[in-house]
Amino acid sequence: MPMTGNKSRCLNSISQVLLTLLILHCLQCHSRPHSYDSKPLLEISKEIFKYSDIAQRIINLAVYGKAQNRSYERLAEFTDTIGNRVSGSKNLDLAIKYMYTALTRDGLENVHLEQVKIPHWVRGDESAVMLLPRNHTLAILGLGSSVGTPPGGIEAEVMVVESFEELKKRASEAKGKIVVYNQPFVSYGETVAYRASGASEAAKVGAVASLIRSVTPFSINSPHTGWQWYQPGVPQIPTACITVEDAQMMARMARRGQRIVLHLTMGAQTLPDVDSYNTVAEITGSKHPEQVVMLSGHLDSWDVGQGAMDDGGGVAISWEALSLIRDLGLRPKRTLRTVMWSAEEPGGVGAAQYFQQHKANISNFDLVMESDLGTFSPLGLQFTGSDKARAIMKEVMKLLASINVTSLEEHGEGTDINMWMKAGVPGASLHTADQRYFWFHHSDGDTMSVQNPEEMNLCSAVWAVVAYVVADLEEMLPR
């Protein structure tokens, strides 16, 4: 029987609604970055395996071909030309200009600077002299953000402690003294608390200054600096690091009951924040240019040594990865973006502002990568992400079997990418044979002599293969 007019109109309305919903769904799917959430791992594994030849081409170029030693030579020329690059300094300005020019000359795309405000702390003249029980000049480095001493310096008796717990137990002895922390090195993550908080903890019990044993497992009478933070509402006292040797010597003297007196002079001051820039270069994606795989290292360093290891090496391989991919005429589906961060050492200041500037597009960030623990012989990657993303990354790492760098470990790390990972973006950091990293970290020993060209070749190959393959896969890593 023929439909009545009402039934026909009703069905037409339903059809229109369903069609509208279908169109909206398609538009949402099209606008939302693709994900591997529903695709079987076996299919993804087969897709990744197809990149074996490309991965080997990248490895061959970096390790054996015309690009061999290029990242090392670039880093050497940069650090020999500019030197160290502390936050807020003229040298950091020069470093940013140098890299902007070099990246542009290298033919990379969309080379530009993104403005940020960064701290400007100045060390000034500094010295520490033991007056009792004998005359001895200590090697010291003021800690970042420390206040200075009065113009004539501070002369005071020393109180040596091994821990915060001992400081609290002996709080009644600390007033008017210089607290010397002789804390043992357990791990950087644990021991660095004395550098970060030692001054405020000493000030709470009435100390007039604090000196910390350098945070390192090995020393040749070299102080290791770093940033420290004053706690709100606590008096700000001068603070510096001393060598392991001097901290241990004063601990021995104290155990013998000898009275130790030091004269400490520090000209440190914090000046107003200054303008700086994160330095950016790209290879634009062929299919999804708005989606990004980010590689990074930080351009600033401490004001000692050359900043070659921390973090010139991370910067160099993040640049080299793009150069390798460009040299091979490759263009992934997504954009590869190298970022050279400003002011990481004061606490990831440039990166935090970058995150605020770009977090509106967070759904388009596929993978964030940072190398900031040395470019020694690579062992693998540390990774933070979902179980499915981890399974995919394990398949990607298999492409590096020919150079024996297939390990995928827990916990991607990096001050400059932590905020992205906390927001759910997959993150990876380079893991190398870094046993010697803290020997040279934040010291005059951080020079090109630490770097090895063959190891940097391997690191560059790892960085380039992982970045390219992830950027060229059919879909983004699942969150």
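Q: What makes R74, L75, F78, M99, G312, V315, A316 and W319 the lining of the second largest cavity?
A: Lining residues have an atom within 4 Å of a cavity point. In this predicted model, these eight names make up that lining: R74, L75, F78, M99, G312, V315, A316 and W319.

Q: Why is the space of about 40 Å³ called a cavity?
A: A cavity is a set of points where a 1.4 Å probe fits but cannot get out. The second largest cavity holds about 40 Å³ of such space.

Q: Which helices supply at least two residues each of this lining?
A: They are α4 (70-82) and α9. The largest share, four residues, comes from α9.

Q: How do you know which classes line the second largest cavity?
A: Gly counts as polar and Arg as charged. The lining has six nonpolar, one polar and one charged residues.

Q: What makes the lining of the largest cavity divide as it does?
A: Asp and Glu count as charged, Trp and Val as nonpolar. The lining consists of S301, W302, V304, G307, D310, E345, H442, S443 and D446. The division is therefore two nonpolar, four polar and three charged.

Q: Why are I54, A55, I58, I59, L61, A62 and V63 of α3 called buried?
A: Buried means under 20% relative accessible area. These residues of α3 are the buried ones: I54, A55, I58, I59, L61, A62 and V63. They pack against α9 (308-327) and α14 (453-472).

Q: How do you know what span to expect of α3?
A: The expected span is 1.5 Å times one less than the number of residues. Helix α3 (residues 52-64) has 13 residues, so 18 Å is expected. Its reach of 17 Å from first C-alpha to last is close to that.

How values were computed. Residues are numbered from 1 along each chain as its sequence is written. This is a predicted model: local features need pLDDT of at least 70, side-chain atom pairs count only at pLDDT 80 or more; totals for chains, interfaces and linings use all residues. Side-chain values use heavy atoms; hydrogens and water are left out. Buried means under 20% relative accessible area, exposed over 50%, partly exposed in between (1.4 Å probe, protein chains only). Contact means heavy atoms within 4.5 Å. On a 1 Å grid over the protein atoms alone, a cavity is a set of points where a 1.4 Å probe fits but cannot get out, and a pocket is an open set with protein on both sides within 12 Å along at least five of seven lines; lining residues have an atom within 4 Å of a point. Grid points are joined across faces, edges and corners, and a volume is the space filled by probe spheres set on the points.
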